[in-house]
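Please look over the sequence and the model below before reading on. The paragraphs that follow lead from the chain as a whole to its sheet, its nonpolar cores and its charged pairs.

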Amino acid sequence: MENLPVETIKLIIVDDHAMFREGLARSIEASSHSAGQPDLRVVGQFASSAEALASLNHSGAKVVLLDIDLGPEKALDFVNAARRKGFDGRILIVTAGASDQEAVQLIQAGVAGILHKHHSTEALCGTIRQVASGEVCLENKYLGPLFRSVDRSRPPGGPRLTERDRTMLRFILQGLTNRDIAARLEVSEGAVKASLRQVFGKLAVRTRAQLVKVALEQYQDQL
């Protein structure tokens, strides 16, 4: 059977270290080509937030790979400015490390994930594909601070969750894909998708990022 063409995910890299940017771009495209059907293409590399923002909307980028520290600029400023410009793509933080406060602020601002630079290029490419498809991918170390950041005095509200709903939410918070969840539960991916559709509908959200936000704001005591 002939393979169907793979949709290209266009990326931009925002990092103030030229050697890292250039090396990362080469590594991503080499890894993508080695898969047989290249699906990742770097369409821009920028040293500053201002440069990236000027090219953002006409770049066609679906995912931004963003460092936290851009010299005098900060990742959070870029994220907020990108949203004001109407950018509806995904922003993945790729960093050597973030403080708990920085991580919480970025997650609350709507980034799709935080990945440390010590991971392999293969792991990064996998994460890019996940966030491009609407998933949220966070390093486990930031989940604790994120839970603690939620106002626990907030009165409970919203629909009642079943045990299966809570299980799905826990897996989503761990950054697992539908395939991973299916393997954990020993069910089909179709069954996982059906369970997730129920949770999405119950909580009135459309994306995994929105699901994480609602789960942490309203249901953290049940998870």
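A residue is called buried here when its relative accessible area is under 20%, exposed when that value is over 50%, and partly exposed in between. By that criterion, 46% of the 223 residues of the protein chain count as buried in this model, which is a predicted one. The chain's accessible surface comes to about 11500 Å², and carbon and sulfur atoms hold 50% of that area. Its secondary structure consists of 10 helices and 8 strands. Among contacts with a separation of 6 or more, 70% are made by residues 24 or more positions apart.

Six strands form an open sheet in the order E2-E1-E3-E6-E7-E8, and their pairing is parallel. Strand E2 (40–46) and strand E8 (137–138) stand at the edges, and because each has a single partner strand, one side of each is left without a neighbour in the sheet.

Helix H2 (residues 49–59) packs on it and touches strand E1 (9–14), E2 and strand E3 (63–66), with a direction that makes about 170° with that of E1. Helix H3 (residues 75–84) also packs on the sheet, touching E3 and strand E6 (90–95), and its direction makes about 170° with that of E6.

Is strand E6 largely enclosed by the rest of the structure or left open? Of its 6 residues, 6 are buried, so E6 is largely enclosed. Both of its faces are covered, with Arg-90, Leu-92 and Val-94 buried on one side and Ile-91, Ile-93 and Thr-95 buried on the other. On the E3 flank, 4 bridges join E3 to E6 in a parallel arrangement, and Leu-65 is paired there with Leu-92 of E6. On the E7 flank, 4 bridges join E6 to E7, again running parallel, and Ile-93 has Ile-114 in E7 as its bridge partner.

The side chains of this region lead on to the nonpolar cores. In soluble globular proteins, nonpolar side chains tend to be buried together. The largest nonpolar core in this model has 48 residues, of which Val-64, Leu-66, Phe-78, Ile-91 and Ile-93 touch the most other members. When residues up to four places away in sequence are not counted, Ile-93 touches Leu-66, Ile-68, Ala-75, Leu-106, Val-111, Gly-113, Ile-114 and Leu-115. A second, separate core contains 20 residues, including Ile-28, Leu-124, Ala-132 and Cys-137.

From the cores, the reader can turn to the charged side chains. Side chains of opposite charge can pair when their charged atoms come close. A search of the whole structure finds 8 salt bridges. One of them joins the side chains of Asp-165 and Lys-202, at 2.6 Å from N to O. That pair links distant parts of the chain, since Asp-165 lies in helix H7 (residues 163–173) and Lys-202 in helix H9 (residues 189–203), 37 residues apart. Asp-165 is buried, with a relative accessible area of 1%, whereas Lys-202 is partly exposed, with a value of 24%.

A further salt bridge is formed by the side chains of Glu-189 and Arg-179, at 3.6 Å from N to O. This pair, too, links distant parts of the chain, with Glu-189 in helix H9 and Arg-179 in helix H8 (residues 178–185), 10 residues apart. Glu-189 is partly exposed, with a relative accessible area of 33%, while Arg-179, at 61% relative accessibility, counts as exposed. Elsewhere, salt bridges that share partners join Asp-15, Asp-67 and Lys-117 into one network.

The side chains of Arg-170 and Glu-163 also meet in a salt bridge, at 3.4 Å from N to O. Arg-170 counts as partly exposed at 28% relative accessibility, and Glu-163 counts as partly exposed at 45%.

Helix H8 also holds Leu-185, which is partly exposed at 25% relative accessibility. Leaving aside neighbours within four places in sequence, Leu-185 is in contact with Arg-164, Thr-167, Met-168 and Phe-171. The C-alpha atoms of Leu-185 and Thr-167, which are 18 residues apart along the chain, are separated by 9.7 Å.

Notes. Residues are numbered from 1 along each chain as its sequence is written. This is a predicted model: local features need pLDDT of at least 70, side-chain atom pairs count only at pLDDT 80 or more; totals for chains, interfaces and linings use all residues. Side-chain values use heavy atoms; hydrogens and water are left out. A salt bridge is a side-chain nitrogen of Lys or Arg within 4 Å of a carboxyl oxygen of Asp or Glu. Buried means under 20% relative accessible area, exposed over 50%, partly exposed in between (1.4 Å probe, protein chains only). Helices (H or I, at least four residues) and strands (E, at least two) are DSSP runs, numbered from the N terminus. Contact means heavy atoms within 4.5 Å. Accessible areas come from the Shrake-Rupley method with a 1.4 Å probe; for residues, only the protein chains shown count as cover. Two strands pair if DSSP finds at least two bridges between them. Axes are lines fitted to C-alpha atoms, for helices over the stretch in contact, and angles run from 0 to 180 degrees between N-to-C directions. A nonpolar core is a set of buried Ala, Val, Leu, Ile, Met, Phe, Trp, Tyr and Cys residues joined through side-chain atoms within 4.5 Å.
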